[in-house]
Amino acid sequence: MKNALDLVASAKQLIHEVSVEEADTVIKQADVLIDVRESDEYYSGHIPGAINIPRGLLEFRLSNDETLSRRDLNIVLFCKNSGRSALSAQSLKEMGYLNVTSIAGGFDAWQEANKPVIVPSLPDFG
């Protein structure tokens with residue numbers, strides 16, 4: 001029987017993954033940068049330019065959004081430490097997406113490399 005770590009390890013054998021050092025170049029060439037973490041994680045800080053589509057909604061959202069349904073889109077994915085993004089990349093590959101990349105180490109590695117982070121602020125209702 002496989003566990004979550006086994007599934008991630010299997011996915012990483014089948015996908016394209018880049019290091020944090022390579023990520024800037026890949027992101028600049030991307031059509032879309034997707035943070036597959038949950039919304040609360042996204043709003044606590046994310047890579048500039050990223051949109052948030054949580055892992056559990058990814059396949060549905062890409063299937064139902066005309067701007068994201070083209071199979072030739074250049075897609076870059078990340079999550080907290082690259083497990084969810086690896087699983088997401090494998091899933092998108094199975095859906096026929098041709099250019100999907102996951103960032104190794106995810107947002108944790110991005111922050112450790114002192115790369116820029118956006119932290120959205122909520123309006124003051126007081």
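**Close-up views of a predicted model**

**View 1. Helix α5 and its surroundings.** Helix α5 comprises 12 residues and spans 17 Å from its first C-alpha to its last, which is close to the 16 Å expected at 1.5 Å a residue. In this predicted model, the buried residues of α5 are G83, S85, A86, S88, A89, Q90, S91 and L92, and the elements against which these buried residues pack are α1, α4, β4 and β5. The helix is followed by G96, a residue whose phi is positive, near 100 degrees.

**View 2. The largest nonpolar core and the surroundings of L62.** Nineteen residues make up the largest nonpolar core, and those with the most contacts inside it are I34, L58, L62, I75, L77, L92 and V100. Two or more residues are given to this core by each of α1 (4–12), β2, α4 (58–64), β4 and α5 (83–94), with α5 giving the most, namely three residues. When residues up to four places away in sequence are not counted, L62 touches I34, I53, L68, S69, I75, L92 and Y97. Apart from this core lies another, of 16 residues, among them V20, L33, Y42 and A109.

View 3. The buried residues of helix α2 (residues 20–29) are V20, A23, V26 and I27. Seen down the axis of α2, these buried residues fall within an arc of 100 degrees, so they line one face of the helix. The face turned away from the buried side of α2 carries the exposed residues E21, K28 and Q29. On the buried side, the packing partners are the strands β1 (16–18), β2 (32–35), β4 (74–78) and β5 (99–103), together with the helix α6 (106–112).

**View 4. The aromatic pair of Y42 and Y43.** A pair of aromatic rings is described by the distance of the centres and the angle of the planes. The model contains two aromatic pairs, one of which is formed by Y42 and Y43, an edge-to-face arrangement with 5.1 Å centre to centre and 85 degrees between the planes. Y42 has a relative accessibility of 11% and therefore counts as buried, the cut-off for that class being under 20%.

**View 5. Charged side chains over aromatic rings.** The charged end of R37 sits over the ring of F107, at 4.4 Å from the centre of that ring. K115, in turn, lies over the face of W110, where the distance from the ring centre is 5.5 Å.

Technical notes. Residues numbered from 1 in each chain as written. Predicted model: local features only at pLDDT ≥ 70, side-chain atom pairs only at ≥ 80, totals over all residues. Heavy atoms only, no water. Buried < 20%, exposed > 50% of the residue type's maximum accessible area, 1.4 Å probe, protein only. Helix = DSSP H or I, 4+ residues; strand = E, 2+ residues; numbered from the N terminus. Arc of directions from axis to C-beta. Contact = heavy atoms within 4.5 Å. Core = buried A, V, L, I, M, F, W, Y, C linked by side-chain atoms within 4.5 Å. Expected span 1.5 Å × (residues − 1). Phe/Tyr/Trp six-rings, centres within 6.5 Å; stacked < 30°, edge-to-face > 60°. Lys NZ or Arg CZ within 6 Å of the ring centre and 35° of its normal.
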